[in-house]
Amino acid sequence: MSVSRPYLLKMRKLRVAVLVSGGGTNLQALLDAEARGELNRVEFCLVLSSRADAYALERAKARGIPTSVVRRKDYESPETFESGLISELEKVKAEFIVLAGFLAKVGERILSLWHNRIINIHPSLLPAYGGQGMYGLRVHEAVLAAGESWSGATVHLVNQDYDQGRILKQKRVRVMPDDTPESLQQRIMREAEWQIYPETLGELAEQIMGEDK
Ligand code: GRF
């Protein structure tokens with residue numbers, strides 16, 4: 001028996017805001033998964049960038065998703081910057097926050113307002129190669145310098161300590177002998193990040209919205 005349309009239309013979706021600062025390939029992976037029908041309980045209500053020139057904003061606009069820019073330099077202090085972020089998130093009634101290459105620190109008020117409702121993706125097998133200052137190519141440079149045979153990506157809950165929230169999903173990726181930081185970064189994105197981020201978000205949205213079925 002097929003599920004009737006009115007039933008499907010009634011299913012409420014989790015309102016998700018994606019916070020970005022750069023190119024947004026992880027955002028793109030999320031949008032593509034949604035377009036393929038893999039994120040049935042997710043509605044992207046906002047893409048918020050800490051930089052006006054982030055290409056991620058174009059990716060959001062191309063899908064008709066509302067965007068906003070909140071730049072640290074437009075605010076007097078970390079506290080007023082955080083108020084600026086909260087105001088944008090509350091305007092769209094965001095229920096869940098996905099950090100996708102967001103380079104600003106998420107403050108205490110956001111962490112408490114969206115408690116256990118903020119996730120991040122990091123391009124290493126945490127707890128290895130995480131923490132303050134470990135971002136972008138630096139992660140992959142450190143992995144290569146240590147002569148590791150494996151690296152990968154980790155999706156985790158966000159708490160007050162960089163890259164230390166509860167691990168939700170990891171995927172390993174082989175380090176090749178001739179890898180450069182750039183080639184390793186690309187392989188980890190392609191083989192791990194762009195897969196496990198949409199998967200994890202889909203699973204969490206199902207869990208959170210489950211009681212609404
Ligand atoms: C990714 O490597 C992600 O793991 C890290 O920031 C980078 C963002 O890249 N948190 P993109 O903007 O999604 O292309």
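Student: In what order do the seven strands of the open sheet run?
Tutor: This is a predicted model. The order is S3-S2-S1-S4-S5-S6-S7, and the pairing is mixed.

Student: Which strands sit at the edges?
Tutor: Strand S3 (67-69) and strand S7 (167-174). Each pairs on one side only.

Student: By how much are neighbouring strands turned against each other?
Tutor: By 20° on average, direction ignored.

Student: Back to S3. How many bridges join S2 to S3?
Tutor: Three, and the two strands run parallel. S2 covers residues 42-49. Leu48 stands opposite Ser68 in S3.

Student: What does H7 touch on the sheet?
Tutor: H7 packs on the sheet and touches S1 (14-20), S2, S4 (96-99), S5 (118-122), S6 (150-157) and S7. The direction of H7 makes about 155° with that of S7.

Student: New topic: Pro198. Which helix is Pro198 found in?
Tutor: Helix H7, which spans residues 181-209.

Student: Is Pro198 buried or exposed?
Tutor: Buried. Its relative accessible area is 6%, so Pro198 falls under the 20% cut-off.

Student: What does Pro198 touch, leaving out residues up to four places away in sequence?
Tutor: Ala29, Leu30, Ala33, Leu39 and Glu193.

Student: And His122? How far apart are Pro198 and His122 in space, C-alpha to C-alpha?
Tutor: They are 14 Å apart. In sequence, 76 residues separate Pro198 and His122.

Conventions. Residues numbered from 1 in each chain as written. Predicted model: local features only at pLDDT ≥ 70, side-chain atom pairs only at ≥ 80, totals over all residues. Heavy atoms only, no water. Helix = DSSP H or I, 4+ residues; strand = E, 2+ residues; numbered from the N terminus. Buried < 20%, exposed > 50% of the residue type's maximum accessible area, 1.4 Å probe, protein only. Contact = heavy atoms within 4.5 Å. Pairing = 2+ DSSP bridges. Axes fitted to C-alpha atoms, helices over the stretch in contact; angles between N-to-C directions.
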